[in-house]
Amino acid sequence: MTNELSFFQSIPPIHSISDITSLEHYYDVPADWHIVLTDVKGSTQAIEQGRYRDVNSVAAASITAMLNSVKGMDIPFVFGGDGASVLIPPTVVAEAGQALLATQILAREQFNLDLRVGIVPVRDVLAANMRIRIARLKVSNNFQQAIFTGGGLSYADKLLKSDPEKYAPPPSDTPPQADFGGFECRWQEIPSTYDENLTLMVMALNTSTLANSTIYADVLAKIDDIYGNPATRHPIAVKNLRMALNPNKLKTEAKVRSRDTSLKVLLRMLRQSLMAGFAMRFNVGRWGGYKNILVESTDHEKFDDTLRMVISGKSSQREALRTYLEAQRQAGLVVYGMHTSSHALMTCVVFDYFGRQVHFVDGSRGGYTLAAREMKLQLAEREQIEA
C-alpha cells in the first residue's frame, strides 16, 4: 500500500467502533507523508462567549480546504471540534500550505478567530520513535472514518506548538487561495433523542499500545452495556432534523463559501434550502431518503489516540459511566472529559448529496472543547502528583 493515490482507500475497512482495539487493522503511514494540523487558539474563551458554531465551522472549513486541495484523493482526517488533523502525501504539500494560509485568513477576517496551522513531516515523528498508524472505519458507503493510533498525532501537535515557525506553511508571493466548495451549515441544532447528548473523550495512559487496546476494549464494552449499541445511542435522529430557514442562521456558511453575507446571498441560500426541504418532504427524485444518508455519514464515534464520542442518552446513564470512568482514573488507567447538552451541532461537507459526504457532529455549547478542558485538568493533576 505505497501508492499515495490509494493508500488510505486500499486499507481493508473495519465495520464497528469496537474493532479499533484490534491492532491488526492498523497500517503505518508512509514516511514521506505530512501531518496537517489546525486548531483555534482561545477556543474555550470563544465558546464561553457563545461562539461554538463559529469554532466548529472554522475547524470544518480547514478540512474542507484540505480535501479540495488534494483534487479528490481519499486522505485520512479527523475533526476535533476546535481543530483538525489531516494526512497528506508529499506531492500536495505546496497546495495544502496555500489552502491553510487562506483558511487562516478566513478565520481571522470572517470570524475574528486565530487559527493555528502547521504541516509536520511524518519523518519528524518517526525520528522520535513515535508511530502513526491508521485503520479505516466504514461508517457508510459515502464516508470512511480514519482511525489513528501510535501516539504520533499528539507528538506532532507538540512539535508544532513548540516550534510554530519551523512547521508553518511557507509564505505566499500571491494572496493564498482555498476552495471551500462542499462546506454546508444549514441545519438547526438537533435535540437529543433522550434526555441529553454526552460529548465524551477518553484517553488511556499505559505506555504499551497493547495494554491501551485492552483498556479501550473495556471502556467500549462498558459504553455498550450502559448505552446500548451505536444505533441506539446515535445522537442524530432523522425525525429531529430541521433545516435552518432563518436567513441569519445561514450567515456562517455564507462567510465560508463566498465571504458575502448580503441579504441577496442569504435569500438565494434560503430559496435553495426551501426547495431541498420540499423535495425531502414530498420524496421528489431521490431526496426522500436524503436524511437517512446524512445520518449514516456522521462522525459521532471516532478515535485518534483518544476515544471521541457524542452519545444520546439519559442523565442516569451518564452518571453510571462517570462512576466507571472515575474508578478507571483512580486506578491510573485513563483520563477523561465529559460535556452535556440538550442538542447536537452538525457541520457538513457535501461533495455529492447522494455520494461522498461527511457530517461533523459535536455537542452544542462547547462539546469537545469543554470535554477536552476537563481531560486536560485531569492530566495536569496526574503530572503534579507524579512530579
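User: Two strands pair if DSSP finds at least two bridges between them. With that settled, in what order do the four strands of the open sheet stand?

Analyst: This is a predicted model, and in it four strands form an open sheet in the order S3-S4-S2-S5, with antiparallel pairing. Strand S3 (77-79) and S5 stand at the edges and have a single partner strand each, so one side of each is left without a neighbour in the sheet. From one strand to the next, the twist averages 10 degrees.

User: How many bridges join S3 to S4?

Analyst: Three bridges join S3 to S4, and these two strands run antiparallel. If you want to find one spot in that pairing, look at Val 78, whose bridge partner in S4 is Ser 85.

User: And which helix lies across S2, S4 and S5?

Analyst: That is helix H3 (residues 93-111), which runs at about 165 degrees to S5. Helix H5 also packs on the sheet, where it touches S2, S4 and S5, and its direction makes about 115 degrees with that of S5.

User: Let's stay with H5. Which of its residues are buried?

Analyst: In helix H5, which spans residues 152-162, the buried residues are Gly 152, Leu 153, Ala 156, Leu 159 and Leu 160. Seen down the axis of H5, these buried residues fall within an arc of 115 degrees, so they line one face of the helix. On the other side of H5, Lys 158 and Ser 162 are exposed.

User: What do the buried residues of H5 pack against?

Analyst: They pack against several elements, among them strand S2 (34-41), strand S4 (83-88) and strand S5 (114-121). The list also includes strand S7 (143-149), as well as helix H4 (122-126) and helix H6 (164-167).

User: You mentioned S7. Which open sheet has it?

Analyst: S7 belongs to an open sheet of three strands in the order S1-S6-S7, where the pairing is antiparallel. Strand S1 (27-28) and S7 stand at its edges, each with a single partner strand, so one side of each is left without a neighbour in the sheet. S1 pairs with strand S6 (residues 133-140) in the antiparallel sense over two bridges, and Tyr 27 stands opposite Ile 134 in S6.

User: Switching to rings: how many aromatic pairs are there?

Analyst: The count comes to eleven aromatic pairs. One of them is formed by Phe 77 and Phe 360, an edge-to-face pair with 6.2 Å centre to centre and 80 degrees between the planes. This pair links distant parts of the chain, because Phe 77 is in strand S3 while Phe 360 is in strand S15 (residues 357-363), and the two are 283 residues apart.

User: Are Phe 77 and Phe 360 buried or exposed?

Analyst: Both Phe 77 and Phe 360 are buried. They also belong to a cluster in which ring pairs link Phe 77, Phe 79, Phe 143 and Phe 360.

User: What kind of pair do Trp 287 and Tyr 290 make?

Analyst: Their ring centres are 5.3 Å apart and their planes stand at 55 degrees, so the pair is tilted.

User: New topic, then: how many disulfides does a search of the whole structure find?

Analyst: The search finds zero disulfides. Take Cys 185 as an example: the closest cysteine sulfur is in Cys 348, and at 7.2 Å it is too far for a bond. Cys 185 counts as buried at 1% relative accessibility, and Cys 348 counts as buried at 1% as well.

User: Last one, about loops. Where does Thr 306 lie, and is it buried or exposed?

Analyst: Thr 306 lies in the loop between strand S11 (301-303) and strand S12 (307-313), and at 6% relative accessibility it counts as buried. Leaving aside neighbours within four places in sequence, Thr 306 is in contact with Met 201, Val 202, Met 203, Tyr 216 and Met 375.

Key
Residues numbered from 1 in each chain as written. Predicted model: local features only at pLDDT ≥ 70, side-chain atom pairs only at ≥ 80, totals over all residues. Heavy atoms only, no water. Buried < 20%, exposed > 50% of the residue type's maximum accessible area, 1.4 Å probe, protein only. Arc of directions from axis to C-beta. Contact = heavy atoms within 4.5 Å. Axes fitted to C-alpha atoms, helices over the stretch in contact; angles between N-to-C directions. Phe/Tyr/Trp six-rings, centres within 6.5 Å; stacked < 30°, edge-to-face > 60°. Disulfide = S-S within 2.5 Å.
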